[in-house]
Amino acid sequence: MSRDHVQSASRSAAAGAPLSSAETPFLELLARGASADAYEQPVLLARAEGRPTERIVALEQAKLLALRVRSELEGRRRREAELSALFETAHDLAGLRDLDAVLQAIVQRARSLLGTDVAYLSLNDPARGDTYMRVTEGSVAARFQQLRLGMGEGLGGLVAQTARPYVTDDYFKDDRFQHTLTIDAGVRDEGLVAILGGPLMLGHHVIGVLFAADRRARVFEREQIALLGSFAALAAAAIDTANLLTETRSALADLELANEIIRDRSGVIERASDVHDRLAELVLRGGGVHDVAAAVSEVLDGMVEFTEAAAAPARALETSRAEGHAVRHDDDWIAAVAAGGELLGALVLRGHPGLDPVDQRTLERAAMVTSLLLLARRSAAEAEQRVRGELLDDLLDARDRDPRLLRERAARLDADLDAGHVVLAARLDPVAADADQEAAARRRLWSAASHLAATRHGLAAARDGGTVLLLPLEAGDTATDLARRTARHLGTAVHEAVTVGASAPVEDLAAHPDVVAAAYEEGRRCLDALRLLGRSGDGAAAEDFGFLGLLLAGDRDIADFVDRTIGGVVAYDERRGTDLLRTLDAYFACGMSPARTKDELHVHVNTVAQRLERVGRLLGDDWQSPARALEVQLALRLHRLSAPVQR
């Protein structure tokens, strides 16, 4: 829900729209972007005024819902800011002219992206053999801003020695790195407690460190460490490109007589800048990985492909990842696509053994942009999966949700809760013996189910050691068909047997969310029945189990079972005034003997035979088989019990 939606809802309430009075103050707080503490005020005021308990409970429930909406709004704004910062930084790098301005922008965005109090960047000074503070953002202490550190000292020294990111929750209590009086005094002046540092790498050399720090204890998450690593890579690329520009200008000054060389060098720089501009344009207009490969193919006059890590030459890929450069493999060039130490794939330039340094760097820059695109796509996909799972969890767990809010949340996910749906319970079978393998298999199942739900305009969530899906039922389809297709699809996706139990179709879920929980229990019972019957890897609904389906179905639809089993005979008797039902009762009571049946009914044996022949035409030739006969007898008894009592 955006702020505009919240303000619109507030205006509707003011105009007399049917909003709950308990929700009105919280909608106003949402509309003006109030702090979380402000949401306690309506409840405290109601208690102070001695309002009824029902009113206070309603306010508490509305407060929790409003805080959840506020949290979702903040999460969306944060994800938009992250993507915007990455794209803006890539664009700055593509049009690099002022290194200080680009480094300042990178540090500012890293601080904003990670939400820290301070961010800063230090660079190595080979001439003096130490490290100095190049850029700071959010710093208030002059001594901290002017720090110069000896090589290997402090947290930055540990990052530089290992070429890996390091994080400390409490700087002064951490003994993994070398403390010095100078560094500790500067950190103390700045009031820093939690610090995260990521290396700036050129090839396999560390040229500096990018830091993000807080003035309070904090745990940095893996995604935040990876994002800082991406910014550090961009900073290193900016420095590398600036060095290249500096070298070019120096060559122009020193080699005034070498006009041809100067023109060639200038052409190379312009081509590199053009490539960067094209890649930045691709990113900004929402291009994909294969669009980047196509653009680089055109620039390098060769065929560039993106491949998964498993499909690329392992040794060349690992060398490229470790060194940060494209490496030659036979007649091809391999550039690793990595982020924060995670290998995401490779860009492969086919059949182009001769590659000059600038073209090599172009391939490397394309690999860096590709890694940013993949991280952004993954972040967006994971966010959507979480939102879909949260909505389904709310439908399963909460019975008092506002139908309007449920419909709005579903609409944002391209789902329609008013349409007919089926709830499916899916589980891997057999479960892996190793706990780590089992957890990995369940994650693969949840990922495959989430992808299926997104493509089918449904919802999916991890639950009870498996996965639950809410999928729309198309016209002409049955719950059984949907369960079997889902079992095949998920099994193919995770390369293991997946068993799926389905509920009967359910409708109008926004107005009646409690139906979803009941349907899920029905699906789970069908799932358990399949596994007990040895049908692992299959899919089924309660209707597939005959009279056993009465035990599995959540609503015990006896009338439907009777109609499916002997409905034709009941209708025939009602239309013709015949006595086929009574004949069937007597036939089964007499041990399926026509001779004893005719005595019971006081009719001729030919009459019994004619009636049974008519029953066979109505029910099918196999109605006297053991399984069918059992169902027919059960349906007869249920029909008799459900008939009105004759007085």
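**Exercise 1. Name the residues with the most contacts inside the largest nonpolar core, then find which elements supply the core.**

Solution. 
Step 1. The largest nonpolar core has 32 residues. Those with the most contacts inside it are Leu103, Leu121, Leu200, Leu210, Leu228, Phe231 and Ile239. The model used here is predicted.
Step 2. Now the elements. Helix H5 (99-114), helix H9 (222-254) and helix H13 (357-397) each supply at least two residues of this core. So do strand S1 (118-125), strand S5 (194-202) and strand S6 (205-214).
Step 3. H9 gives the most to this core, with eleven residues.
Step 4. Look at leucine 228. Leaving aside neighbours within four places in sequence, leucine 228 is in contact with Ala110, Leu114, Leu196, Gly197, Gly198, Leu210 and Ala212.
Step 5. Another core, of 23 residues, lies apart from the largest one. Leu424, Leu469, Leu490 and Ala541 are among its residues.

**Exercise 2. Decide why aspartate 240 counts as buried, and list its contacts.**

Solution. 
Step 1. Aspartate 240 is in helix H9.
Step 2. Apply the cut-off. Buried means under 20% relative accessible area. Aspartate 240 has 13% relative accessibility, so it counts as buried.
Step 3. List the contacts. Beyond neighbours within four places in sequence, aspartate 240 touches Leu202, Arg361 and Arg365.
Step 4. Check for a polar contact. The side chains of aspartate 240 and arginine 361 are joined by one of 3.3 Å.

**Exercise 3. Classify the aromatic pair of tyrosine 587 and tryptophan 623, and locate both residues.**

Solution. 
Step 1. The structure holds seven aromatic pairs. In the pair of tyrosine 587 and tryptophan 623, the centres are 6.0 Å apart, with 50° between the planes.
Step 2. Stacked needs under 30 degrees, and edge-to-face needs over 60. This pair is tilted.
Step 3. Tyrosine 587 is in helix H20 (residues 580-589). Tryptophan 623 is in the loop between helix H22 (605-619) and helix H23 (626-642). The two are 36 residues apart, so the pair links distant parts of the chain.
Step 4. Tyrosine 587 and tryptophan 623 are both buried.

Note on methods
Residues numbered from 1 in each chain as written. Predicted model: local features only at pLDDT ≥ 70, side-chain atom pairs only at ≥ 80, totals over all residues. Heavy atoms only, no water. Helix = DSSP H or I, 4+ residues; strand = E, 2+ residues; numbered from the N terminus. Buried < 20%, exposed > 50% of the residue type's maximum accessible area, 1.4 Å probe, protein only. Polar contact = N/O pair within 3.5 Å; in protein donor to acceptor, adjacent residues only side chain to side chain. Contact = heavy atoms within 4.5 Å. Phe/Tyr/Trp six-rings, centres within 6.5 Å; stacked < 30°, edge-to-face > 60°. Core = buried A, V, L, I, M, F, W, Y, C linked by side-chain atoms within 4.5 Å.
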